[in-house]
Amino acid sequence: MVDVSEGITDRFGRKFEKLRVSLINECNFACTYCVSDDANGRNHLEPNINTAPHQKRLNTREFIESITLVHDIVNLKSIRLTGGEPLLYPDLAGIIREIKLLGIDDIRLTTNAYYLKDKSVELKQSGLRAINISLDAVDGEIFRMMSGNQRMQRVLDGVDDALDAGLDVKLNAVIMKGKNDNQIIPLLRYAGHKGIDIRYLELMKMGHLYHHMDGFFFSQQNILDVIQANYFITEVSRKKSSTSNYWNVPGIGNFGIIANESVPFCGDCNRLRMDSFGNFYGCLSSSVGIPLMKESGNREKTVDSLKRLLSYKQSHHFKGNEMTMRYIGG
Ligand code: SF4
């Protein structure tokens, strides 16, 4: 039974408060955990099981209509813009301004920062508050192996550009056993040197990793063992609905671990997702997308659909999904 008096809430007291919007399902990188290597090498994209061929990507006006529809019902607290790679979305500053006009102040971005240099000031002035930058290595060769891109320096320049613009910057690093686990300490020191937090991510059973993670899985405990072999750390209490657990390293700063496999965080999940075709998803483990705008004229129907999306949430543990991150925005 889903209670609607206090907004749309499920039996665990969860409700949608944060919306993650995949603005575009294209990316200029080919990260090894997102895009599968096949017999002929890289860039083999799994077809999206959910995008019917006739569906077209939304433009800014259509995105804002969909966001407004949901915001009117659930009163969103925060919006995160993702992709694929959101810096490839042609009207990024424009859509941030439009979201701000809806009265949503907490606007965030997740990016590989390759195109970020000289853009951060404009994005901040448009209303962007915080930015998560994906950086899986600070060694050029390992960076190339992880991302399929040879120009790591452009990403590091993007980090500096965001900091200079006064954005709240965090780093995200997906750790894979035998691929970049030797970058855990260099990344921690780089983040400490920049005065920013880094979050290490456990691999997720998404896309081509859905059926098997080929022995690349490196758990929260594995990451902590590496760091504790070098530093004394203290645990920092977890914020409600946060995906990350945090620790402090004296003299360096805080780091986090997003451990969706070994320390699940479904219990207080408040995230709703939307792909670049206008389909909404209640849970990352569910590939059932509902194009809410199609029901926009009927508020009751939209409320029922949001209830249905909320009911797709896992009670305890992420189950994985055949969809790739670049479609649903992670
Ligand atoms: S698996 Fe679903 S319920 Fe669990 S944290 Fe992810 S989105 Fe939330």
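# A walk through the predicted model

The side chain of asparagine 180 reaches the backbone oxygen of aspartate 136 at 2.9 Å, a polar contact (a pair of N or O atoms within 3.5 Å; within protein, one must be able to donate a hydrogen and the other to accept it, and residues adjacent in sequence count only if both atoms are side-chain atoms). This is a predicted model, in which local features need pLDDT of at least 70 and side-chain atom pairs count only at pLDDT 80 or more, while totals for chains, interfaces and linings use all residues. Residues are numbered from 1 along each chain as its sequence is written, and side-chain values use heavy atoms, with hydrogens and water left out.

Asparagine 180 sits in the loop between β7 (168-174) and α6 (184-194). Helices (H or I, at least four residues) and strands (E, at least two) are DSSP runs, numbered from the N terminus. With a relative accessible area of 0%, asparagine 180 is buried; buried means under 20% relative accessible area, exposed over 50%, and partly exposed in between, using a 1.4 Å probe and protein chains only. Setting aside neighbours within four places in sequence, asparagine 180 is in contact with Asp136, Ile142, Met146, Val174 and Ile175, where contact means heavy atoms within 4.5 Å.

## Helix α1 and the cores

Let us turn to helix α1. Its 15 residues (60-74) should span 21 Å at 1.5 Å a residue, and the end C-alpha atoms are 21 Å apart, which agrees; the expected span is 1.5 Å times one less than the number of residues. At the N-terminal end, asparagine 59 caps α1 through a side-chain oxygen that lies 3.2 Å from the backbone nitrogen of arginine 61. After the helix comes asparagine 75, with a positive phi near 55°.

Helix α1 is mostly covered, with 11 of its 15 residues buried. Among them are Phe63, Ile64, Ile67, Val70 and Val74. The cover over the buried residues of α1 includes β1 (18-22), β4 (78-82), α2 (92-101), β12 (271-274), β13 (280-281) and α8 (299-311).

Threonine 302 lies in helix α8 and is buried, with a relative accessible area of 0%. Leaving aside neighbours within four places in sequence, threonine 302 is in contact with Leu69, Ile73, Leu292, Glu295 and Ser296.

A nonpolar core is a set of buried Ala, Val, Leu, Ile, Met, Phe, Trp, Tyr and Cys residues joined through side-chain atoms within 4.5 Å. The largest has 91 residues, of which Leu81, Ile95, Ile133, Tyr200, Ile227 and Phe255 touch the most other members. Helix α1 gives the most to this core, with seven residues. Apart from this core lies another, of nine residues, including Phe277, Tyr281, Leu284 and Phe318.

## The ligand shell

Around the ligand are Phe265, Cys266, Cys269, Arg271, Arg273, Cys283, Leu284, Ser285, Lys313, Gln314 and Phe318; a residue is near a molecule if one of its heavy atoms lies within 4 Å of it. This shell divides into six nonpolar, two polar and three charged residues. Here Ala, Val, Leu, Ile, Met, Phe, Trp, Tyr, Cys and Pro count as nonpolar, Asp, Glu, Lys and Arg as charged, and the others, Gly among them, as polar.

## Loops worth a visit

Glutamate 26 is placed in the loop between β1 and β2 (36-38) and, at 39% relative accessibility, counts as partly exposed. Its C-alpha atom is separated by 9.1 Å from that of tyrosine 89, 63 residues apart along the chain. Beyond its neighbours within four places in sequence, glutamate 26 is in contact with Arg57, Gly84, Glu85, Leu88 and Arg326. Glycine 84 is found in the loop between β4 and α2, and the peptide bond from glycine 83 to glycine 84 is cis, with omega near 20°.

Alanine 113 is buried, with a relative accessible area of 0%, whereas aspartate 118 is exposed, at 65%.

| Residue | Phi |
|---|---|
| Alanine 113 | near 60° |
| Aspartate 118 | near 70° |

Serine 242 lies in the loop between β9 (234-236) and β10 (245-249), and its side chain reaches the backbone nitrogen of serine 244 at 3.0 Å. At 15% relative accessibility, serine 242 counts as buried.
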